[in-house]
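Please look through the sequence and the fold shown below before reading on.

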Amino acid sequence: MIWLLLGATAVLAAAPAPAGAPLALDDRVARVDAWPALRVLADPDGHWTFDDALARRTDFGPPEGAPGTLGLQRGAAWLHVPLQASPDSEGRWVLDLGYAVLNRVDVWLLLPGRPPQHWATGNEVPRAERPLDSRTPAVVLDLPPGTTAELLLRVRSAGALILPVTLSTPTAFHRQALDEQVLQGLLSGLGLFLVLYSLSQWWSVRESMFLRYALLTFASVMFSVAQFGHGAMYLWGDSQWFERHVPGLAALIASTGSCLFVQAVLADDRPQGWISRALYGCAALLVATALAFATGLIDVHAVSAVVGSLGLAPALLGLPGALRRLRRGDAVGGYFLVAWIGYFFSTWVMVQVIYGRLPATWSTLHAFQFGATLDMLIFLRVISLRLAAVHAAALERDALRSMAHTDPLTGLPNRRGLPEQIEQRLLAVRPDRLLALVVLDLDGFKAVNDRLGHAVGDALLVDVARRLRTSVREHDLVARMGGDEFLVVADGLRNEAQAQAMAQHLLQAFAEPFEVAGHRCEVGLTAGYVLAPTDGRNAHELLRAADSAMFDGKRSGKGRVIRATAPQAL
């Protein structure tokens, strides 16, 4: 509503003046809109010379459409502005066309009794040859006080003829130029900061959303840099290839990044669905168009048509996913809807200016840039929400996995997760770096459990687990196999003697009785073990062999350490 009110106000304020009325230039009004006094004559073929246009002076008429824009026109347009400098004027004024990507602007100043003065400017004119090295096409005019003069301009551009023509005092012109520099510096700096931030996050977490967001944001920044004239001023200079191609390529790349970003965020729950495939297909078509444009196979009009159609694809294809998330109470869907509303509105404003239906004012010319900046910030918020959801889901999965693989009584790993952990350790075994699997069974636990009850028995198992943990090295693995059976996995052993010594140390650690709930409980250990890689490299087979060796020890008298025999190991 605010944008529409501003546009309507500009239209009313810039109603054409009566034909032939000169534009009054008074130093007390530092900046004057030339549109009310401006007259236009179309040159569809672009062949007219200065003399041809001068001879048709009576054919010039008021511009049609909204102030400050002639829309999309082929060929060239001639502009005529009569001027009247006040008697007390200092006589120096800056003619500024206010739109950076006008290809060529020829300016003639006609003063009574003097030959016409001519200047050429525009983004296809080398900067050294321009009358004023500024962001937009501009010319300094010297008008004697009280003089009546005429301006004749020929404007040609491959895109829209957006012409917010003004005349300003040098002080006002430079102030406005500095204000625009500050604004563009802030917006471009914010965009580049977001690009660097997203790249650093992608490098640390390897989440593709950050890389796609960086592509989208960088292309949006480059589009604004080119569109507002700062690319030619600070980056690529007089390179006509960059000047002609960067805006179109940036728009195509931004649309590609948008397709990929929407696919990553909204289609992650259906990565193989038709919407994902359609988004990838649109991204591929946009990339192909960019390559064709960069190599000169198509022109900027074809690029505009592709961006105008496929550029809407991310929003249209992502809408079902956004609504689906919104119904589930996911704020990501709402943020996308807000971003798309802003994008559609700012794009609509820009398109209306391009087609001459809305006035070219400061607000409308910056509408798309402001909309793109809003989208960047909203999409960053979307990424943070998605990462928070991903991390929460990962934590939940880890918690469930930990619960599934952990013995709830002792807190030790249980049998379910043992093979995977053992397989990981088996990867590093060598003949001089042995791994011992020691299966331990408590001697006398059943008697304690039957005599004192299950509560004391459970407390005893907790103390057993604690004593086993303190009796081995810090990096050794202690697990509960079930019931009163435990496992110790020790790697990095040099020989079998070390394994025997470790198992004997565990048996000796149980020589001291346990004090549990005021009861003295005496239990011992029987151990069976295997060595890897000597006895094999398969976790399941090694566990089965060590368990079998432990039962052999039980049958042969308990309280001893038995290594699996060759048949058991096999």
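In which loop does Lys 558 lie? Lys 558 is found in the loop between helix 16 and strand 17, where helices (H or I, at least four residues) and strands (E, at least two) are DSSP runs numbered from the N terminus. This is a predicted model, in which local features need pLDDT of at least 70 and side-chain atom pairs count only at pLDDT 80 or more, while totals for chains, interfaces and linings use all residues. Residues are numbered from 1 along each chain as its sequence is written, and side-chain values use heavy atoms, with hydrogens and water left out.

The phi of Lys 558 is near 65°, a positive value in a residue other than glycine. With 43% relative accessibility, Lys 558 counts as partly exposed, a class that falls between buried (under 20% relative accessible area) and exposed (over 50%), using a 1.4 Å probe and protein chains only. Ala 517 also has a positive phi, of about 50°, although it is not a glycine; this residue sits in the loop between strand 14 (514-516) and strand 15 (519-521), and at 65% relative accessibility Ala 517 counts as exposed. A further backbone feature is the cis peptide bond between Ala 532 and Pro 533, with omega about 10°, and Pro 533 belongs to the loop between strand 16 and helix 16 (539-555).

Strands of a sheet pair through backbone hydrogen bonds, either parallel or antiparallel; here two strands are taken to pair if DSSP finds at least two bridges between them. An open sheet of 5 strands has the order 12-13-11-16-17, with mixed pairing. Strand 12 and strand 17 (561-563) stand at its edges, each with a single partner strand, so one side of each has no neighbour in the sheet. From one strand to the next the twist averages 25°, where axes are lines fitted to C-alpha atoms, for helices over the stretch in contact, and angles run from 0 to 180 degrees between N-to-C directions. Helix 14 (residues 454-470) packs on this sheet and touches strand 11, strand 12, strand 13 and strand 16 (524-532), its direction making about 10° with that of strand 13; contact means heavy atoms within 4.5 Å.

Within this sheet, strand 12 (residues 477-482) is mostly covered, with 5 of its 6 residues buried, and it pairs with strand 13 (residues 485-493) in the antiparallel sense over 5 bridges. The hairpin of these two strands has 2 residues between them, and there Gly 483 takes a positive phi near 60°. Phe 486 in strand 13 is the bridge partner of Arg 480 and also of Leu 440, while strand 11 (residues 434-443) runs antiparallel to strand 13 and is joined to it by 8 bridges.

Another open sheet has 4 strands in the order 2-10-5-8, with antiparallel pairing. Strand 2 and strand 10 (residues 166-168) are joined by 3 bridges, and Arg 31 stands opposite Ser 168 in strand 10. Helix 3 lies across strand 2, strand 5 (92-96), strand 8 and strand 10, running at about 40° to strand 5.

Helix 3 (170-205) and strand 2 (31-33) are among the elements that each supply at least two residues of the lining of the second largest pocket, and helix 11 gives the most, with 6 residues.
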